[in-house]
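Here is a short briefing on one protein model. Look at the structure first, then work through the points below.

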Amino acid sequence: MPHGSAQPHAQNATLPQIDAGPVTALAVAVPMLATLGGVYRVPEGHVAVTFRGGALLKETRGPGLHIGAPFLDRVHMVQTTVQTDKVANIPCGTSGGTVIHFDRIEVVNQLREDAVYETVKNYTVEYDKTWIYDKIHHEVNQICSRSTLEEMYITKFDRLDETLRDALQRDIDAYAPGITIIAIRVTKPSIPSAIRQNYELIESQRTKLMVAEQTQRLVEKEAETERKRALIEAEKLAAVEAVKLERELKQKQNEQKMEAIQDAVATARSKAAADAELYRASQEAEANKRRLTKEVLQLEAVRALANNTKVFWGEKLPSLYADGTGLLSLSGQVQ
C-alpha cells in the first residue's frame, strides 16, 4: 500500500519559457499564479490529507483540483479503494527451533473514507506499516512459536490465511476500526532442504499408502457390491418361489373348492333322486292300496290259480280252490 506524498504544485512546477509580447506574457502569468497559489490534483480513489506547518488539518479533500497554501502545506494522498499490500521475506521460528521463511504474504485491505482523518492522526499516512506489514510479521511469529514444523508446513497451512485475517481484524477493530482486512494469501514457507527432502519422502510414502488404502477400499467395495448383488439375486429367486408357491396354493384351494362344489352337486342330485324314488314308491304304494280292493284281489287270485292249473283227484276239493273265498282272507292277512 504505498502512499505517495504530493507537495504543493508551486514547489514542483517548472516555469515555461517567456517569449516577448503581451500574449506570451499573459500565457505565462496564468500558470505562475496557479503555482504561487499551490494547486494540486487528487486522483480518483484517493483522499488528500494536508499537514500545515506540521499539523494535520481535519479537513480532507476528495478527487479533483485543489488549492493549498504555498510553502506551508504538505499534502499526502491516501488510497481509499481496495488495495493489496505484499509483505515479503517473513522469517519465523517454530516451537521445535526450526527457522522457516515465508517469501510473500499478500493482504487485501481497504480504508474507509470517513476514517481517513482519525487513522492518519493516530498512525500517520504510513498506517499500513503499523497495521499490515509489522502486524503480519508479529502474528506469523506468534503462530510459529506455538506450532511445530509439520503444523506450519502441512497440517495448519490450509487455515493459516484465515487465522492471520482473524488476528489482524480483531486488533484493528479495537484500535483502527476504519481498516477492513478482506483477504490474506499466504505462499508455502521455505524450509531447510534436508527437512524438505524428508517431507517429500514422507509425502511420497503417504501417497503410496493412500493409493494402497484406496485400492483396498475399491476391492472391499467390489466385494460388497458382489455380495449385495448375490443377496438381491437370492431374494429375487425367493420372491419368485414364494409367488409360485402362493399361486400353486391358490390353485389347490380352487380345486378343493371346485371338488367340494361338485360333491355338493352330486349329493344334491343323489338326494333328489332318492327323494324322487321314495316319492314314486310311496305314490305307487298309495295307488296300489287304493287299487287292490277285495274284489280285485279275488280276481287276481283266481287268475293266478287259472294260470297255475293243476288237476286234483278225489272226492272232496279244498274250499280254497272250490270258491276262492279263502284267498281273500289270505290276502287280507298278507296286507
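The average pLDDT of the protein chain is 82. A score of at least 70 is reached by 81% of the residues. Keep in mind that this is a predicted model.

**Confidence**
- Residues 1–37 stay under 50 in pLDDT.
- For residues 1–37, the model still has 53 contacts beyond four places in sequence.
- Where pLDDT is low, the predicted coordinates should not be read in detail.

**Overall build**
- The protein chain holds 10 helices and nine strands.
- Of its 335 residues, 26% are buried.
- Take the contacts between residues at least 6 apart in sequence: 72% of them join residues at least 24 apart.

**Surface**
- The protein chain has an accessible surface of about 22900 Å².
- Carbon and sulfur atoms account for 57% of that surface.

**A look at K135**
- Where is K135 found? K135 sits in helix α4, which covers residues 127–145.
- Is K135 buried or exposed? K135 counts as buried because its relative accessibility is 11%, and the cut-off for buried is under 20%.
- The side chain of K135 makes a polar contact with the side chain of D171, at 2.3 Å.
- Leaving out residues up to four places away in sequence, K135 touches T130, A167, L168 and D171.

Conventions. Residues numbered from 1 in each chain as written. Predicted model: local features only at pLDDT ≥ 70, side-chain atom pairs only at ≥ 80, totals over all residues. Heavy atoms only, no water. Helix = DSSP H or I, 4+ residues; strand = E, 2+ residues; numbered from the N terminus. Buried < 20%, exposed > 50% of the residue type's maximum accessible area, 1.4 Å probe, protein only. Contact = heavy atoms within 4.5 Å. Areas by Shrake-Rupley, 256 points an atom, 1.4 Å probe, with all protein chains shown as cover. Polar contact = N/O pair within 3.5 Å; in protein donor to acceptor, adjacent residues only side chain to side chain. pLDDT = per-residue confidence, 0-100.
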